[in-house]
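These are my notebook entries from an afternoon of looking around in a new structure. Come along and look things up with me.

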Amino acid sequence: MKVLVTGTAGMIGSHLVKKLLEEGKEVIGIDINNVSYDGAYTHYCIDLGKKESIYNIFKNNKVDRIIHLAALAHAFSGKKYTKKMYEHLNVECAKNIFQIAKEFDVPVLFISTVDVFGFQKGIVNSKTICHPVTIYGKTKYNAECILKEIGCNYTIFRLSPVYTAEIKRDIQKRIYLKYPKWAYQIGKNTQYEVLNIDKAVLKMAEWCVAEPKKDILILKDDLLLNTNDYINEEKTKGNAKYIIKIPRWIALVLYGIIRITGKNKYTFLINKAVHPLRSK
């Protein structure tokens with residue numbers, strides 16, 4: 001089996017490629033950065049905005065599956081991304097992949113995010129109406145809609161915050177005011193849905209040998225992340241020296257006041273802390 005993967009230089013992409021190669025699959029990788037892997041791996045360093053370049057890859061290779069990972073996610077380390085940059089990579093480039101998948105009749109797995117849900121009450125599922133708030137969530141949801149409109153054979157995975165043993169940025173944002181010393185805790189023990197990289201890539205690899213059903217799946221760990229347990233673990237590493245404990249009722253009152261400003265990226269961040277997403 002020959003699997004085309006976009007974004008192979010990224011955190012998820014690098015783990016996925018290694019998993020697919022271990023299983024004996026051939027991998028065609030596309031990324032704007034150069035990267036290499038041991039095994040049956042062929043790399044194309046191209047811009048996904050250049051549709052003709054993508055077309056030529058499919059023309060010269062018999063591709064059995066496509067996993068579209070390449071995306072612009074949340075900025076970190078002082079980086080700043082514009083709305084135009086998000087729309088280009090997350091929507092326009094995704095559309096190129098989807099259109100070519102349709103033309104060559106190749107099933108595509110689109111990797112999306114639970115951020116597409118936005119503000120929600122109660123437990124969400126794949127049929128919940130989405131109200132994305134952040135530019136990342138909005139562009140990912142736009143790409144989902146385009147994928148459905150194009151009508152190729154697809155599956156959509158909406159990932160909970162992904163972490164590895166070494167990289168836990170999305171978890172740290174929910175624990176720290178300022179990493180690695182200043183942590184915070186709302187109530188006695190806030191719990192979050194997160195996703196280990198091993199489970200994420202396992203599900204993607206399993207999809208390659210399954211029959212796509214034009215469905216949407218939410219991926220998360222079986223167990224919730226407990227704030228107490230994580231902070232205690234951080235303390236053993238010399239982190240989380242100072243913990244600000246906020247009673248839940250105070251957090252809810254403050255959140256209610258801040259919500260006067262409307263549904264925006266700032267109130268959405270606070271919403272994640274006082275009303276963590278629950279899915280099924």
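This is a predicted model: local features need pLDDT of at least 70, side-chain atom pairs count only at pLDDT 80 or more; totals for chains, interfaces and linings use all residues.

Which residue in strand 6 stands opposite Ile111? I looked it up, and Phe157 is the one.

Residues are numbered from 1 along each chain as its sequence is written, and side-chain values use heavy atoms, with hydrogens and water left out.

Entry: I followed the strands and found an open sheet of 7, ordered 3-2-1-4-5-6-12 with parallel pairing. Strands count as paired if DSSP finds at least two bridges between them. Strand 3 (41-45) and strand 12 (215-219) each have a single partner strand, so one side of each is left without a neighbour in the sheet. Strand 5 and strand 6 pair in the parallel sense over 6 bridges.

**Entry: the core.** Next I looked for a nonpolar core, meaning a set of buried Ala, Val, Leu, Ile, Met, Phe, Trp, Tyr and Cys residues joined through side-chain atoms within 4.5 Å. Buried means under 20% relative accessible area, exposed over 50%, and partly exposed in between, with a 1.4 Å probe and protein chains only. The largest core has 28 residues, and Phe98, Val108 and Leu147 are among those with the most contacts inside it. Helix 3 supplies its largest share, 7 residues. I then checked Val108, where contact means heavy atoms within 4.5 Å. Leaving aside neighbours within four places in sequence, its contacts include Ile66, Phe98, Leu147 and Trp207. Another core, of 26 residues, lies apart from the largest one, with Leu21, Tyr41, Leu69 and Ile197 among its members.

**Entry: Thr267.** Is Thr267 buried or exposed? I found it buried, at a relative accessible area of 0%. Thr267 lies in helix 9 (residues 265-274). Not counting residues up to four places away in sequence, Thr267 touches Phe119, Tyr255, Ile258, Arg259, Thr261 and Gly262. Tyr255 is 12 residues away along the chain, and the two C-alpha atoms are separated by 7.6 Å.

Methods. Helices (H or I, at least four residues) and strands (E, at least two) are DSSP runs, numbered from the N terminus.
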